[in-house]
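This report covers one protein model.

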Amino acid sequence: MPLPQASRLLTSALLLAVSTCVTAAAPTTTVLPAVVKFDPIPVHLIPRPLPPGLTADAALRSGRVSTGSYAMSARASKPWRIAFLFPHLKDPYWIGCNYGVISEARRLGVAVDILPADGYKDLIGQLRQMEEASNGRYDAIVLSPISLDGNNPSIARARAKGIPVFELANDSTSDDLTVKITTSLRSMGLDATRWVIRDAEQRGLTSINIALLPGPAGAGWVKGEVEGSREAARTAPIRVNIVDIRYGDSDRIEQSQLAAQLLARHGHELDYIIGCTGCAPAARLPIHEAGLDGRIRVVAYDLTREIAGLIRRGEIFASADTKGVSQARVAINAVVNHLEGRVRTPPHTVLVKLGIVDQSSLNHYRLDESIAPDGYTPILSYDPQQERP
């Protein structure tokens with residue numbers, strides 16, 4: 001007996017999600033990534049001092065910004081131990097960050113442990129990991145905070161113990177961070193939505209309806225995406241209606257369900273859906289099941305290898321790119337420079353410059369600056385003293 005449409009959609013989404021999760025949770029491989037030389041990474045540098053409690057985007061709006069590049073650091077003088085606390089390893093973005101950390105740890109000769117929480121609903125788990133990482137085992141901690149401000153007390157406690165804490169990718173309002181390494185999260189929303197507006201104009205549309213699947217409420221990067229999309233909509237030369245925003249963990253099953261809810265309510269009036277790295281691909285199946293392939297165009301807030309392939313096939317039309325691999329490279333280099341005493345006055349924030357990818361730019365775009373090599377399996381720990389020569 002044929003399944004009802006909603007049941008078929010959920011079953012397909014479950015199968016897709018299980019496949020994705022199995023890949024992310026594969027046993028740790030002993031095959032280490034190659035040591036890679038990379039070009040200097042274009043960045044914005046924001047110096048201290050700044051008013052307290054600022055997000056990276058608020059610091060960017062301070063106007064005290066210089067443009068530069070972040071080059072490869074020299075090898076460390078000793079095998080410093082560094083903990084990296086990720087929200088999860090469920091999607092390719094964080095796998096790309098994992099690759100950037102592990103490959104650079106090999107080049108720099110430092111030991112790293114990557115400690116993933118169970119997702120954006122697991123703030124308590126990440127706080128527990130932070131307390132454990134602050135017990136003196138590590139020389140530095142790199143945190144990708146689940147919450148914009150919920151991680152702040154634990155950051156302050158680590159600093160009080162003399163452990164420098166760096167931020168990677170996800171934003172925080174903490175004033176106890178040694179350096180923030182991220183990108184303009186607001187620009188993710190601006191760039192993705194401005195691409196949508198240009199595309200609509202080229203199609204001759206004078207008014208469009210868009211929906212957002214930005215990710216989990218409360219995460220700094222989600223707040224930035226939504227703020228950027230709203231600003232782009234307000235200042236657009238055509239009428240842009242953001243008809244719905246559905247928040248949820250970037251888990252593939254949950255995002256497929258949220259996309260189905262969007263379509264049930266707004267499907268035949270929607271022109272575009274903009275979604276996060278786990279969200280945008282998850283919207284494709286519900287759109288297909290609803291028979292709306294020719295009507296709704298999907299755009300992503302950030303780039304993964306999967307999204308690059310979907311752009312090539314015309315299933316996702318464009319993506320902003322926060323260059324996760326490059327952010328991870330800058331972060332571990334910044335930590336080593338600090339531990340080695342090479343930087344007298346570290347900046348408040350280092351913002352890796354964004355890119356934008358669509359079918360016209362994909363063939364010449366430097367994907368190696370943004371995403372892990374095809375087939376890369378996450379590695380949770382590396383110690384140079386245990387690597388065979």
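Lys323 sits in the loop between β12 (318–321) and α12 (324–339). Helices (H or I, at least four residues) and strands (E, at least two) are DSSP runs, numbered from the N terminus. Phi of Lys323 is positive, near 60°, and the residue is not a glycine. Lys323 counts as buried, at 14% relative accessibility. Buried means under 20% relative accessible area, exposed over 50%, and partly exposed in between (1.4 Å probe, protein chains only).

Ala169 is another non-glycine residue with a positive phi, about 70°. The loop between β6 (165–168) and β7 holds Ala169, which is buried at 4% relative accessibility. The peptide bond from Arg48 to Pro49 is cis, with omega near -5°. Pro49 belongs to the loop between β1 (41–46) and α2 (56–60). Most residues other than glycine have a negative phi, and most peptide bonds are trans.

## Basis of the model

The model is predicted: local features need pLDDT of at least 70, side-chain atom pairs count only at pLDDT 80 or more, and totals for chains, interfaces and linings use all residues. Residues are numbered from 1 along each chain as its sequence is written, and side-chain values use heavy atoms, with hydrogens and water left out.

## Around Ile181

Ile181 is part of strand β7 (residues 179–182). Its relative accessible area is 0%, so Ile181 is buried. Contact means heavy atoms within 4.5 Å. Beyond neighbours within four places in sequence, Ile181 contacts residues including Phe166, Leu168, Ala169, Val330 and Val350. The C-alpha atoms of Ile181 and Val352 are 7.6 Å apart, although 171 residues separate them along the chain.

## Nonpolar cores

A nonpolar core is a set of buried Ala, Val, Leu, Ile, Met, Phe, Trp, Tyr and Cys residues joined through side-chain atoms within 4.5 Å. The largest has 102 residues; Ile82, Phe84, Phe86, Val110, Val112, Ile273 and Ile332 touch the most other members. A second, separate core has 12 residues, among them Met130, Ala133, Tyr138 and Leu143.

Residues up to four places away aside, Val112 touches Ile82, Phe84, Ile332 and Leu380, among others.

## Whole chain

The protein chain has 12 helices and 15 strands. Its radius of gyration is 21 Å, close to the 21 Å of the globule rule for 389 residues, so the chain is as compact as a globular protein of that length. The radius is taken over C-alpha atoms; the rule is 2.2 Å times the number of residues to the power 0.38.

Of the 389 residues, 57% count as buried. Among contacts between residues at least 6 apart in sequence, 78% join residues at least 24 apart.
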